[in-house]
Amino acid sequence: MSTATVENQAIQSGAAGAAKFAGSDSRKFNYFTPKGRKPTHYEDMTLDVQPDPKRYLLQDWILSFGDGTPTYSEKWTLARCSDWHKYRSVDEEWERTHYQRQSTIVGMIAQAVENARRAGAPARIDKTWVKVLEKHLGAYKHAEFGVATALMHAQRYGYTQMINSTILTNASYKLRFAQDLTLYLGDIGVDIPGFDAEIGKQEWLESPIWQPTRQLVESIGGATDYLEKVFAINVVFEPLIGELFRSGFFMQMAAAQNDFLTPTVVSSAECDYQRNLANSIELLHMLVTDPQHSAHNIALFNKWMVFYGDLAVRAALNLQPVWSLPRTKVAQFEAAFDSALERMLTISAQLGLQLPASMTK
């Protein structure tokens, strides 16, 4: 047998010690190259938990779907990447840290609501503002639930465990916040005579104010490309609808209506978004700077930006009448919308993307 044949057999062997990888000559070895000098706990717990024939599975995927589709496929998104395993989340969140943070947030909200109810705060909220909470905070929770379910679907199709973990924690935050709003409205409703905790669903399904937002959420949910959903939610929906409504309306208006509790509940979602946005930009930036596929990815993302951006701008402008509902008006829709457009400009600049005509003045 020739030397070349022997070497080839050694390369293809699955025997222990046949492959050379980062740290294989050390008694404390790593089977991956860490992002920094040393691997973090997050990398140890997530990297390569999901196998890949390009890295270790010499026999190809062990399981496949009936039509031959492998367990995980790079074709489940139109975006392309030279190495999907390069991605690391900015917050380095994994299972244990995620549960700890979620528990902390839920505990904070529960304690704030309990203390406010004990002091009789819900009964002192302006009666006009109560109607806003019933109808429009009650409607908005359905938008949060809608994007949460879209992300729950998307996470299954991410090509690596790091990407899956990021999308899954994103979905978990959105789902928790939708539940936070549901529980919050139910709790304060007990202390406010005549409070209608069900009318929010009717507003979401029937009110002309909310139908463009509903169309946007359902369009995101109907996408089949998992990365398209992540892009549409964190790059487009959140700045133009989520932040606009949470920060630009409820957190600005509530205190003037003698409501100091709603901003506490809503603020948790703003902190969530900062983490989700940072993780999304890290992933998308990796793709727009990919040495082989950057031009393709930039063109693809610009296409998504136009489609979802136009829907989101229409939805945002349709929410404008809500700003005129509170008795004491301390915030203007125009200022909130300008802030949302500035956020879009910052995000697009970080990724080297173009804003659609609907977002330019």
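This is a predicted model: local features need pLDDT of at least 70, side-chain atom pairs count only at pLDDT 80 or more; totals for chains, interfaces and linings use all residues.

Mentor: Rings of Phe, Tyr and Trp (its six-membered ring) pair if their centres lie within 6.5 Å; planes under 30 degrees apart count as stacked, over 60 as edge-to-face and the rest as tilted.
Trainee: How many aromatic pairs does that rule give?
Mentor: The count is 18 aromatic pairs. One of them is F231 with F301, stacked at 5.6 Å centre to centre with 25° between the planes.
Trainee: Which helices do F231 and F301 lie in?
Mentor: F231 is in helix α8 (residues 226-253) and F301 in helix α10 (residues 294-318), so this pair ties together parts 70 residues apart in sequence. Helices here are DSSP runs of H or I, at least four residues, numbered from the N terminus.
Trainee: Is F231 buried or exposed?
Mentor: Buried, at 0% relative accessibility. F301 is buried too, with a relative accessible area of 0%. Buried means under 20% relative accessible area (1.4 Å probe, protein chains only).
Trainee: And what about F333 and F337?
Mentor: They're a stacked pair, 5.6 Å centre to centre and 10° between the planes. Both are buried. F333 and F337 sit 4 residues apart in helix α11 (residues 333-351), so about one helical turn separates them.
Trainee: Which residues do ring pairs link into a cluster?
Mentor: Among them are W129, Y140, W204, F333 and F337.
Trainee: New topic: where does R156 lie?
Mentor: Over the face of Y72, at 4.5 Å from the ring centre, and over the face of Y157, at 5.8 Å. That needs CZ of Arg within 6 Å of the ring centre and within 35 degrees of the ring normal.

Definitions and conventions
Residues are numbered from 1 along each chain as its sequence is written. Side-chain values use heavy atoms; hydrogens and water are left out. Helices (H or I, at least four residues) and strands (E, at least two) are DSSP runs, numbered from the N terminus. Buried means under 20% relative accessible area, exposed over 50%, partly exposed in between (1.4 Å probe, protein chains only).
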